[in-house]
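Thank you all for coming; please have the sequence and the structure open while I talk.

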Amino acid sequence: MRLSDLPRGTDAVIDAVDDPGNADPVAQRLRELGFVPGEAVRVVATAPMGGDPIAVRIGFTRFALRRTEAERVSVHTVKEQE
Amino acid sequence: MTTLNIALVGNPNCGKTALFNLLTGSRQKVANYAGATVERKEGWFTTAGGRRVRLLDLPGAYSLNATSPDEAVTRDVCAGTYRGETAPDLLVCVADATNLRLHLRFVLEMRAIGRPVLLALNMIDAARRNGMEIDLPRLQAELGMPVVATVGVRRNGACDLLAELDGPLPPVPAPLPPGTDLHAMVRGILADCVTHASPLSDRIEERLDRWVLHPVWGPLLLVVLLFFMFQAVFAWAQPLMDGIDAGMGMLGQAVGQMLPPGVIRSLIVDGIIAGAGSVVTFLPQILILFLWILVLEESGYLPRAAFLLDRFMSVAGLSGRSFIPLLSSFACAVPGIMATRTIQNPRDRLITILIAPLMTCSARLPVYTLLIGAFIPHRSIAGFLNLQGLVLFVLYAIGIGSALLVARVLRWRDTDRQEATLLMELPAYRLPNPRDLALGLWERARIFLVRVGTTIVSLTVLLWGLSSFPPPPAGAPGPAIDWSLAGRIGHLMLPVFAPLGFNWQICVALIPGLAAREVAVGALATVYSLGSGTDTDQAASQLGQMLPTHWSLATALSLLAWYVYAPQCVATLAVIRRETLSWSVVGLAAGYLFALAYAAAFLTYHIALMF
């Protein structure tokens with residue numbers, strides 16, 4: 001499942017960050033900001049007027065990103081794993 | 001001993017600037033990097049051991065793999081390859097102790113540079129309060145560099161760092177083998193050196209964000225904050241402004257009595273005191289506006305506002321990132337346009353630059369204040385709203401609405417739709433530190449007063465000269481200014497501006513307003529004070545009471561509409577040229593703003609005449 005599809009308040013773990021093209025700068029920056037496999041992530045807020053962008057918490061840091069950006073991150077929910 | 005060159009590096013929001021302010025106090029200089037428009041902050045201090053240190057506060061960066069001009073400057077200065085910059089002797093890397101998972105990655109990247117590196121573990125007090133325990137000796141060993149704990153917001157918060165600087169430089173850390181997974185390494189280091197208790201501040205953040213980022217309460221809070229910001233600018237500043245105004249009036253009178261009547265007295269009283277004085281009066285308003293923006297910025301609220309407004313901005317084809325430069329433009333379009341550097345997408349950046357002048361800058365405030373004070377009755381609506389404040393709010397709203405429309409129109413012609421990116425950190429909430437606020441405000445006040453002292457005084461003196469010479473022939477009827485050069489220029493411009501309801505005095509005031517918008521107020525004061533004959537001091541200090549007898553309400557509203565759009569600011573046009581390196585963008589900006597200003601003033605005047 002994609003981070004962009006993760007419901008608010010659900011705990012998930014990152015599986016991968018995919019580059020839609022070659023050497024995608026957004027994917028690269030996401031990885032530098034700590035979106036790496038194994039990190040716990042959670043959607044903490046969705047914006048007014050349509051729920052885009054979203055705010056996610058990863059570690060102790062919060063980031064705002066648009067759903068198109070979040071689509072690059074694949075995650076699985078913690079429940080899914082059990 | 002030679003001066004030690006230190007560069008302060010770190011992630012955005014690591015408290016680097018607070019540490020910089022703590023170390024250097026007011027001994028700092030803000031300028032630009034040669035050949036770039038990235039802000040360059042430099043400061044000086046001396047350690048207890050007598051070592052002179054030159055400290056450079058580099059722009060915050062997440063990675064040496066730069067994605068913005070800011071990050072490129074940081075990368076190049078660290079590497080010592082930036083032209084015109086001395087290569088630093090020591091890199092002091094600042095990391096927020098409460099956010100090591102993110103910040104340590106960049107610290108590890110610094111090992112590749114090949115310069116001595118020292119880690120300042122900042123906000124260590126907050127980390128300890130949260131029940132975090134950090135094993136400093138072990139962290140030092142695993143990172144391969146000296147580590148000191150600092151608290152940027154406490155008076156003695158940098159004593160360990162200062163003590164370290166008195167010693168010999170740390171050795172250059174060994175570079176990591178290529179292809180090292182920095183995240184995995186950070187995770188390993190954290191597991192070894194840090195014991196977490198429950199992160200208290202994280203829970204506070206969570207609770208605050210639940211309200212601040214809420215789909216309904218969040219935007220409501222934002223509107224309330226912005227609304228009070230403008231009410232405060234109008235209401236709270238008034239007593240201070242009245243005080244300065246009265247002081248200037250008294251000064252003019254005192255000087256007027258000391259000097260014999262003649263050219264010199266007219267120059268000093270009508271030219272300098274009346275002109276510059278009426279501009280200085282607006283210092284309290286400008287400072288209150290900057291204080292609000294600084295507080296919103298320091299507290300960590302601004303990026304959250306950008307989050308809330310992203311969808312709204314995307315209607316105009318922009319991202320929430322454009323919000324911060326646009327909000328700064330309410331203070332002044334120059335720093336606002338410079339702040340667009342943080343927008344990675346070039347097209348987004350260009351559009352943000354083009355619409356930034358539509359945000360009502362503080363230099364327009366003196367004109368608005370004067371006209372609103374003179375023509376809009378001081379009345380309260382629904383018990384708590386002030387009609388004057390409401391009109392001011394509407395003027396700001398018109399500027400914002402027009403900006404969105406213009407952005408939308410500019411987007412229309414775009415064929416290749418590049419993906420707009422938002423991706424930004426929402427930093428931890430912080431109580432703004434009084435010292436950082438004071439230094440930030442002092443910087444603004446200084447810039448404003450220097451402008452008054454140089455540009456504005458010379459322009460008002462020039463205008464005084466134009467309006468005083470040549471003197472009318474003996475026994476000529478009418479006020480003296482009618483015969484002067486300024487009077488003639490004003491009359492020449494009149495055919496163009498008469499359809500807007502402007503009289504020739506307004507036309508005269510528009511000319512120096514080109515160099516700095518707020519001069520228009522001083523210019524009107526000068527023109528009317530010279531035109532009114534003997535009663536000079538009073539005319540300057542009572543411009544507001546005098547205007548309604550000279551202008552109709554339609555003229556005043558038309559001038560207000562003109563000022564919402566008018567591209568009358570050479571500094572803004574110059575910074576657009578510098579940021580885009582293109583004269584055609586400057587031409588486009590000036591052209592469309594002039595056309596909008598003319599159209600808006602024309603419509604306003606003729607609609608107002610119908611009532």
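Let me begin with a definition: a residue is buried if 20 or more other C-beta atoms lie within 10 Å of its own, exposed if 12 or fewer, and partly exposed in between, with the C-beta atoms placed from the backbone. This is a predicted model, in which local features need pLDDT of at least 70 and side-chain atom pairs count only at pLDDT 80 or more, while totals for chains, interfaces and linings use all residues. Residues are numbered from 1 along each chain as its sequence is written, and chains are lettered from A and ligands numbered from 1 in the order in which they are written.

So, is Glu39(B) buried, exposed or partly exposed? Glu39(B) has 17 C-beta neighbours inside 10 Å and therefore counts as partly exposed. Glu39(B) sits in strand S3 of chain B, residues 39–46, where strands are DSSP runs of E with at least two residues, helices are runs of H or I with at least four, and both are numbered from the N terminus. An unreviewed UniProt entry places a "binding site" at Gly35(B), Ala36(B), Thr37(B), Val38(B) and Glu39(B), although such annotations may be inferred rather than shown by experiment.

Turning to chain A, the unreviewed UniProt entry lists residues 1–77 of chain A as "domain: Ferrous iron transporter FeoA-like". That span is 16% helix and 38% strand, and its end C-alpha atoms lie 8 Å apart.

How do the two chains meet? In total, 28 residues of chain A are in contact with 29 residues of chain B, contact being C-beta atoms, placed from the backbone, within 7 Å. On chain A, helix H1 (25–32), strand S2 (40–46), strand S4 (61–65) and helix H2 (67–70) each supply at least two residues of the touching side.

Finally, consider a helix pair in chain B: helix H12 (residues 283–298) and helix H14 (residues 323–331) have axes that come within 9 Å and cross at roughly 160°, the axes being lines fitted to C-alpha atoms over the stretch in contact, with angles from 0 to 180 degrees between N-to-C directions. H12(B) is therefore roughly antiparallel to H14(B), a label for angles over 145 degrees, whereas under 35 is roughly parallel, 65 to 115 roughly perpendicular and the rest oblique. Leu289(B), Phe290(B) and Ile293(B) of H12(B) make the contact with Leu327(B), Ser328(B), Phe330(B) and Ala331(B) of H14(B).

Notes:
Two residues are in contact if their C-beta atoms, placed from the backbone, lie within 7 Å.
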